[in-house]
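Q: I have a model open and want to learn how to read it. Can we start with one residue and then step back to the whole chain?

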Amino acid sequence: MNSSLWYFPLSALVNAVTSTVLGSYFLLTSFRKRVARHLFFFCAAVAVWSYGYFLWQLADTADSALFWSKALMFGAIFTSISYLHLVLVFLQLDKEKFYKVVLAIFYFFSFIWVIANFFNYFVAGVEPQSYFKFWPIPGPFYTPYLVAFFFHVLYASVLLFKNYRIKKGSEKIQTALLLIGIFIAFVGGSTNYPLWYHLNIAPWGNALVSLYVILTVYAMMKYKFLDVKVVSAELFAGLFFIIFLVDVFLSKNITEFIVRLIALVFTGIVGIMLIRSVRQEVKRREEIQKLAAELKAANEKLIELDKAKSEFLSIASHQLRTPLTIIKGYISMIQDGDYGSVPNPKIGEVLSNVYQSNEHLIHLVNDFLDVSRIDAGRTEYKFEKVNLKDILEEVVKQNAHRIKEKGLKLKLIMAKNLPKVSADVEKIHHVMFNFFSNSIKYTDKGFIKAELFRDGNWVVCQISDSGIGLTPADKQNLFQKFYRSENARHKSVEGVGLGLFVCHKFIEGHHGEVFAKSPGPGKGSVFGFRVPI
Ligand code: ADP
């Protein structure tokens, strides 16, 4: 046999082995799945065709060549229709009435070709052609079969192409691979036909059929894991491996064989490493995407919960405020003697305690209300030109008795000729009161210093004390909702950690800044804010 003639039976054998291996895999592992079942039928058709092809090439009598060339046709007839069916299943169109009819018609014709193939209507005989001693002579049914064959392929390609245009992500890649597969099959497989019509082109593309089967199976099986990077890496590595493998078989002597074999092993290892790293990267990316989506969902839920909580807080606070204000009013009236004098001094003392506790509650409820308004973005500001000096003086006056009670020294330093600033008197009063009141609360001995001065285009108000001071962690978290330092918790049971949060938000509403400084725990602290002039 002419040495180049080895290529034809060999290419058929490669196709046969490839499709047998892949077909058996589906038969043994996942035959219950629809796509796998159709992949099996497709591989089986290619295998029958390829074994027939191989044996026909090896035949040395006209009779046996005719027998095998007829036998291979049974596979050939079902290659294209099983492929079309596979594509319809893959696109989930096979259950639609229209496509059912289309398939029924094509199968009907396929069975006609099968019957014709039992007689001499399909392959009429064999004759010498080009390199081949026995090439089949087409019978009357051969050309219609060929038309149907190309029609199946074309139809499947059009459907896939439509799918390619609408799909995204891995389904798009999958469809693209299937289309590339069809193209390869078309280029390779169609070299099998010219000789039937006495066109002198030998079937050199036959081996490409394996590639077509491999690509189809790869695309269908890996579907969910397809990613451009992974696919490119795998195809790239696979291609190099095949090139190096062929190179090994073409070695002329043992040294060349060994060198090329080492190169092959090396390529294999590098290829596997490459694919692994790409896969890992893709997997990590997918995990991150999944986590990000989960985080987003959780965040949205939290925002909703926070909103619900603010609403609850707002409603509850409103409901609480009214009775508290009424209680305050009545106690004041009793204390003022509006209902006659208090008979027992002990009762007077108790009343004063009740008043204090009620005041504390009102303060707390007000804080809650402020927070719920801030959270809902419903804080309203009434800006007017004000002198911060007046407000600070009032705050100091309101707290004077507490300073006295604790025996603290008060220093008040206010710069002269301070310009007025645009501010909401109530809010600024609230902030100053909070800072001042905190300083007293957290200072047992020493001093409280209140200062008001100008710094460039700002007016700064700061309250310093010689109290419990701040840790670095405190400095970071002070202005957050519900934060209370460890020290503060020991020191005073009063307070929930909302005051500074509200101050911070109010000053933000004035386009200003709050600040808190301290040399360390036990060394006092400085709280303050600046607002633009
Ligand atoms: P509360 O005083 O009700 O706990 P605040 O929001 O007013 O809430 O203050 C938050 C925390 O900031 C306090 O718990 C305390 O830890 C700290 N803090 C505030 N003012 C001072 C201060 N003058 N000295 C030391 N720590 C303070």
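Q: Leaving aside neighbours within four places in sequence, which residues is Ser80 in contact with?
A: Contact here means heavy atoms within 4.5 Å. In this predicted model, Ser80 touches Phe149, His152 and Val153.

Q: Where does Ser80 lie?
A: Ser80 is part of helix α3, which covers residues 62-90.

Q: Is Ser80 buried or exposed?
A: Read the relative accessible area; under 20% counts as buried. Ser80 has 4%, so it is buried.

Q: What separates the C-alpha atoms of Ser80 and Thr18?
A: The two residues are 62 apart along the chain, and their C-alpha atoms are separated by 17 Å.

Q: Now the whole protein. How many helices and strands does it have?
A: There are 15 helices and nine strands.

Q: What radius of gyration does the protein have, against that of a compact globule?
A: A compact globule of 533 residues would come out near 24 Å. This protein has 44 Å. Its C-alpha trace spans about 135 × 60 × 40 Å along the principal axes.

Q: What share of the residues is buried?
A: Buried residues make up 43% of the 533.

Q: Among contacts between residues at least 6 apart in sequence, what share joins residues at least 24 apart?
A: That share is 71%.

Q: And the surface: what share of the accessible area belongs to carbon and sulfur atoms?
A: They account for 65% of about 29,900 Å².

Q: How many positive and negative side chains are there?
A: The protein has 59 positive and 42 negative ones. The centres of the two sets lie 4 Å apart.

Note on methods:
Residues numbered from 1 in each chain as written. Predicted model: local features only at pLDDT ≥ 70, side-chain atom pairs only at ≥ 80, totals over all residues. Heavy atoms only, no water. Helix = DSSP H or I, 4+ residues; strand = E, 2+ residues; numbered from the N terminus. Rg over C-alpha atoms; globule rule 2.2 N^0.38 Å. Buried < 20%, exposed > 50% of the residue type's maximum accessible area, 1.4 Å probe, protein only. Areas by Shrake-Rupley, 256 points an atom, 1.4 Å probe, with all protein chains shown as cover. Lys, Arg positive; Asp, Glu negative; His and termini not counted. Charge placed at Lys NZ, Arg CZ, Asp CG, Glu CD.
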